[in-house]
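Here is a short briefing to keep beside you while you look at the model. Have the sequence and the 3D view open, and let's walk through it together.

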Amino acid sequence: MRILVSNDDGVYSPGLLALARAAARFGDVHVVAPDVERSSASHSITASRPLSYRVTELPGGIKAHRVNGTPADCVALGVHLGDGVDVVLSGLNLGLNLGHGIWHSGTIAAAKQATMLGVRGIALSVPAGDDPVDFDALQPWVERVLGCLLRTVTTPQLVNVNFPRHPRGVVWTRAAIQHYDGRIVPAKDPLNRDVYWFSVAPVDAADRATDRWAVEQHWISMTPLEVDPTDEDVLHDIARAHPMDDERARAVSPPVSTPEAAAAVRVEEAGD
Ligand code: MN
């Protein structure tokens, strides 16, 4: 099995090294990761300049590519350079990615980029805080999760995994999106000017069987994610309650777009 390991904390993160070591038990590991930390980069890509990489070596002789790009860039480049990547592992991120954090996370974006390229993607995150994570103690748990996701189950294609500091087991969960923890916190800079921190506030009352609930209860959380954000229920109901020109569009436009139409719209999206 060919395994591409990436992250958003940067190629020299101890979390990436711990993940690469655990992954080596399951296949050939290649590391392609950002040259600097790109946490909260979400799914941004670098379209205004070319990407390049330098080869570097991590402890233990693990060869790595450090890329002047975002997590999504790194996975796209890694899949391009790799000789048939089977799975992309992103992490171990230093900081949990729970609930709405999935939208901001560069860690999950790297795994999502894999899925968009037709490759399985698994994002893995551990707690951040004053108390450093004991990666050696976590290693058997990382291997158990990888053993399940790489050897036992062939779906889901995109999984978000979060490890508590002292796990007591592994559970399947859904994303805790009932509450959003993003907050703007006003402050003053040294010259007494107004500045604003985009920060997070604690969220209470995480529902049972959500990712946040699981990690609070010291369970490792595995959440299957899907890339399609279409709200199927609303689409079905609203198209019937408020018909627009859908029927006429179906009548006069082909069911599948032509290559010419697709190319023309693509130019309008990207410019020349
Ligand atoms: Mn990060």
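Which residues coordinate the manganese ion? The donors are Asp-8 (OD), Asp-9 (OD), Ser-39 (OG) and Asn-93 (OD1), at 2.1 to 2.3 Å. Please keep in mind that this is a predicted model, in which local features need pLDDT of at least 70 and side-chain atom pairs count only at pLDDT 80 or more, while totals for chains, interfaces and linings use all residues. Residues are numbered from 1 along each chain as its sequence is written, and side-chain values use heavy atoms, with hydrogens and water left out.

**The metal site**

- A donor here is an N, O or S atom within 2.8 Å of the metal (3.2 Å for Na, K and Ca); water is not among the atoms, so sites may look incomplete.
- Along the sequence, the donor residues of the manganese ion follow the spacing D-D-x29-S-x53-N.
- Asp-8 sits in the loop between strand S1 (2-6) and helix H1 (14-23), and Ser-39 in the loop between strand S2 (28-34) and strand S3 (53-58); the two are 31 residues apart and link distant parts of the chain.
- Helices (H or I, at least four residues) and strands (E, at least two) are DSSP runs, numbered from the N terminus.
- Asp-8 is buried, with a relative accessible area of 2%, whereas Ser-39 is partly exposed at 31%.
- Buried means under 20% relative accessible area, exposed over 50%, and partly exposed in between (1.4 Å probe, protein chains only).

**The sheet**

- Nine strands form an open sheet with mixed pairing, in the order S3-S4-S2-S1-S5-S6-S7-S11-S8; two strands pair if DSSP finds at least two bridges between them.
- S3 and strand S8 (170-172) are the edge strands, each with a single partner, so one side of each has no neighbour in the sheet.
- On average, neighbouring strands of this sheet are turned by 25° against each other, direction ignored. The axes are lines fitted to C-alpha atoms, for helices over the stretch in contact, and angles run from 0 to 180 degrees between N-to-C directions.
- S1 and S5 run parallel and are joined by 4 bridges; Ile-3 stands opposite Val-87 in S5.

**Pockets**

- On a 1 Å grid over the protein atoms alone, a pocket is an open set of points with protein on both sides within 12 Å along at least five of seven lines, a cavity is a set where a 1.4 Å probe fits but cannot get out, and lining residues have an atom within 4 Å of a point.
- The largest pocket has a volume of about 700 Å³; a volume is the space filled by probe spheres set on the points, which are joined across faces, edges and corners.
- Its lining has 25 residues, with Ser-40, Gly-95, Leu-96, Asn-97 and Val-200 nearest the centre of the pocket.
- Strand S5 (87-94), helix H3 (101-104), helix H4 (106-116) and strand S10 (194-200) each supply at least two residues of the lining of the largest pocket, and S10 gives the most, with 3.
- The second largest pocket has a volume of about 590 Å³. Among the 20 residues that line the second largest pocket, Ile-102, Trp-103, Leu-225, Glu-226 and Asp-228 are closest to its centre.

**The cavity**

- Searching the whole structure finds 1 cavity of 30 Å³ or more.
- The largest cavity has a volume of about 40 Å³ and is lined by Ala-176, Gln-178, His-179, Val-203, Ala-206 and Arg-212.
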